[in-house]
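Dear colleague,

Here is the structure I said I would pass on. My notes on it follow below.

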Amino acid sequence: MLPASAKALHKQSRKQSISIGRGTRKRDEDSGTEVGEGTDEWAQSKATVRPPDQLELTDAELKEEFTRILTANNPHAPQNIVRYSFKEGTYKPIGFVNQLAVHYTQVGNLIPKDSDEGRRQHYRDELVAGSQESAKVISETENLEEDEEPKELETESGSQTDVPAAGAAEKVTEEELMTPKQPKERKLTNQFNFSERASQTFNNPLRDRECQMEPPPRTNFSATANQWEIYDAYVEELEKQEKTKEKEKAKTPVAKKSGKMAMRKLTSMESQTDDIIKVSQAAKIVERMVNQNTYDDVAQDFKYYEDAADEYRDQVGTLLPLWKFQNDKAKRLSVTALCWNPKYRDLFAVGHGSYDFMKQSRGMLLLYSMKNPSFPEYMFSSDSGIMCLDIHVDHPYLVAVGHYDGNVAIYNLKKPHSQPSFRSSAKSGKHSDPVWQVKWQKDDMDQNLNFFSVSSDGRIVSWTLVKSELVHVDVIKLKVEGSTTEVPEGLQLHTVGCGTAFDFHKEIDYMFLVGTEEGKIYKCSKSYSSQFLDTYDAHNMAVDAVSWNPYHTKVFMSCSSDWTVKIWDHTIKTPMFIYDLNSAVGDVAWAPYSSTVFAAVTTDGKAHVFDLAINKYEAICNQPVAAKKKNKITHVQFNPIHPIIIVGDDRGHIICLKLSPNLRKMPKEKKGQEVQKGPAVEIVKLDKLLNLVKEVKIKT
């Protein structure tokens with residue numbers, strides 16, 4: 001029990017005696033203190049100092065006692081330490097905390113007796129002790145000799161035999177005492193690092209070899225995950241697990257006896273598929289090497305051959321057949337769409353379907369590479385025929401397609417399965433008639449992918465990829481002007497225009513052209529859904545293709561089944577050039593290297609190449625390119641960088657053709673003058689032709 005108040009301690013100390021001397025004590029009755037005879041003066045005059053914040057406690061408060069229990073727990077030890085448990089995968093508080101408090105530590109230098117250093121110290125101590133004992137013995141012998149000298153004189157008359165013996169003993173003892181025996185130090189060897197001289201060999205010096213290389217490319221990626229994206233990821237994972245379970249159930253054998261054999265077959269098949277995946281990349285490279293050797297003459301023509309006879313043909317060119325692409329699974333299916341990949345210039349996509357509504361069956365999407373003409377790089381099949389396709393410019397692995405049944409879909413080349421990643425449905429606003437063309441557009445404000453489609457049902461629809469579904473918005477509904485009919489009830493019925501082709505302006509984002517089955521071309525805007533900017537009475541039959549010039553912003557071209565190709569200035573309602581090709585025109589395409597060169601294909605199996613700068617009246621190349629006379633050419637496309645075109649027919653064949661020098665003439669270089677090249681030159685070249693035509697029309 002301890003008093004806790006400082007005041008109580010102070011008062012008790014005042015009651016005690018100040019000092020106690022050695023002499024007799026005297027009690028002073030008045031003061032009540034004991035004063036010794038030997039007390040110091042400074043102790044008598046000492047006065048206590050009272051702190052200013054001292055508490056004034058009563059006697060009851062001073063007598064109050066407080067209990068304190070001393071324990072071994074450290075009051076400063078933390079009690080809220082939390083650490084990660086790898087076993088349970090969560091953070092858990094630690095129950096046991098070290099209560100030990102170290103107040104003093106010192107590093108010791110104890111050495112075991114059995115160690116080498118311990119033996120050495122023990123040996124040194126023995127040497128020191130032995131030298132001290134020998135010194136003591138020598139001093140004692142000297143004292144004895146001094147004492148025994150008179151005794152020797154007294155014993156001279158004694159027996160002579162004892163004297164030499166005693167002298168000899170003294171000599172022996174002196175020699176032994178003067179030369180103490182020293183123990184030999186035993187050599188200690190390290191048993192763990194011992195090697196004989198004969199076993200030591202020369203170690204080769206270490207050498208460093210370095211090489212310098214280009215650092216690998218790096219990109220910074222950042223993204224945010226929303227709650228619904230996490231939810232969608234979990235839903236996809238659950239769907240994958242369910243599919244794998246269904247596959248396992250389908251693969252499990254019915255008979256119990258053959259269970260082990262079936263499991264062995266499954267494991268062997270799984271190992272085989274893993275091996276095939278590892279070998280597929282190498283096999284693809286080997287396949288391309290074999291094809292390059294097989295078609296080496298064609299590859300040489302593609303790279304080096306130039307028709308020397310063009311110099312004598314008077315500005316007429318030819319098309320040189322190179323490769324022929326076909327697949328057995330796409331037999332009896334027409335080539336309904338062609339599109340070059342914007343990033344990989346040797347890769348192009350082919351859509352297979354049928355233009356005959358009485359022979360509609362399946363569809364195929366194939367992607368060929370010029371490095372391997374024998375087999376497609378990618379292959380996708382569909383239940384309905386594919387009528388159009390387009391590859392995204394920024395994401396070259398995304399292919400948008402339109403089907404004959406009115407659906408649109410997006411295929412992802414990165415995913416190996418044959419099903420599309422996105423597909424429309426009756427609930428999500430699919431077309432009710434065949435989709436004739438699709439075009440990728442710029443991303444919307446929220447950076448969502450966006451593309452347009454046109455169909456025979458008169459709707460032009462904008463499709464947006466929001467999360468994992470396609471969201472549609474009707475941009476415009478085509479109506480045939482002047483074709484309203486009044487019903488007896490007073491209602492007006494508008495006949496719907498059937499869209500067949502469309503193309504967006506290269507610079508003005510909101511403006512686009514739409515061709516219809518009635519032969520008209522409408523200039524539309526994304527901002528107006530019920531009104532056309534302009535209408536062109538273009539053709540007498542369905543418009544098969546519409547295309548803006550890649551250089552000149554005012555010029556576009558159209559073709560139709562009425563055998564004609566027309567070139568327009570969109571500010572004028574009459575065509576600038578009209579060409580009759582004596583057969584239905586399936587497709588037209590502008591050349592990427594010149595503003596005045598374009599190609600057209602007709603159903604009689606011919607390809608026509610025009611250059612307005614050379615000849616404004618007729619084609620500079622008319623050449624049959626179909627494999628057979630009965631085959632109809634349906635589509636044509638220029639390669640973005642190579643001087644070649646690809647054409648497809650109604651039998652599923654794709655032929656690659658090289659343009660001769662006369663078909664891709666560029667401005668000749670003159671001595672001392674640099675030839676100007678670029679878009680500005682191409683625009684000026686086409687402007688001259690348009691101005692000539694306008695002057696002739698004004699005069700007439």
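In which strand is the place of Tyr91? Tyr91 sits in strand β4, residues 90–93 (strands are DSSP runs of E with at least two residues, numbered from the N terminus).

Before the rest, some background: this is a predicted model, in which local features need pLDDT of at least 70, side-chain atom pairs count only at pLDDT 80 or more, and totals for chains, interfaces and linings use all residues. Residues are numbered from 1 along each chain as its sequence is written, and side-chain values use heavy atoms, with hydrogens and water left out.

Tyr91 is exposed, with a relative accessible area of 62% (exposed means over 50%, buried under 20%, with a 1.4 Å probe and protein chains only). Together with Val82, Tyr84 and Phe86, Tyr91 makes a nonpolar surface patch of about 520 Å² (patch residues have over 30% relative accessible area and no salt bridge, and nonpolar side chains are joined within 5 Å).

Gly648 belongs to strand β33, residues 644–649. Gly648 is buried, at a relative accessible area of 0%. Residues that Gly648 touches, beyond those up to four places away in sequence, include Val335, Leu338, His653 and Ile654 (contact means heavy atoms within 4.5 Å). Gly351 is 297 residues from Gly648 in sequence, and their C-alpha atoms are 9.9 Å apart.

Ser384 is in the loop between β9 (378–382) and β10 (386–391). Ser384 is also buried, with a relative accessible area of 10%. Its side chain reaches the backbone nitrogen of Tyr404 at 3.4 Å.

Regards

Technical notes: Helices (H or I, at least four residues) and strands (E, at least two) are DSSP runs, numbered from the N terminus. A polar contact is a pair of N or O atoms within 3.5 Å; within protein, one must be able to donate a hydrogen and the other to accept it, and residues adjacent in sequence count only if both atoms are side-chain atoms. Patches are made of residues with over 30% relative accessible area and no salt bridge: like charges are joined within 9 Å, nonpolar side chains (Val, Leu, Ile, Met, Phe, Trp, Tyr) within 5 Å. Accessible areas come from the Shrake-Rupley method with a 1.4 Å probe; for residues, only the protein chains shown count as cover. A salt bridge is a side-chain nitrogen of Lys or Arg within 4 Å of a carboxyl oxygen of Asp or Glu.
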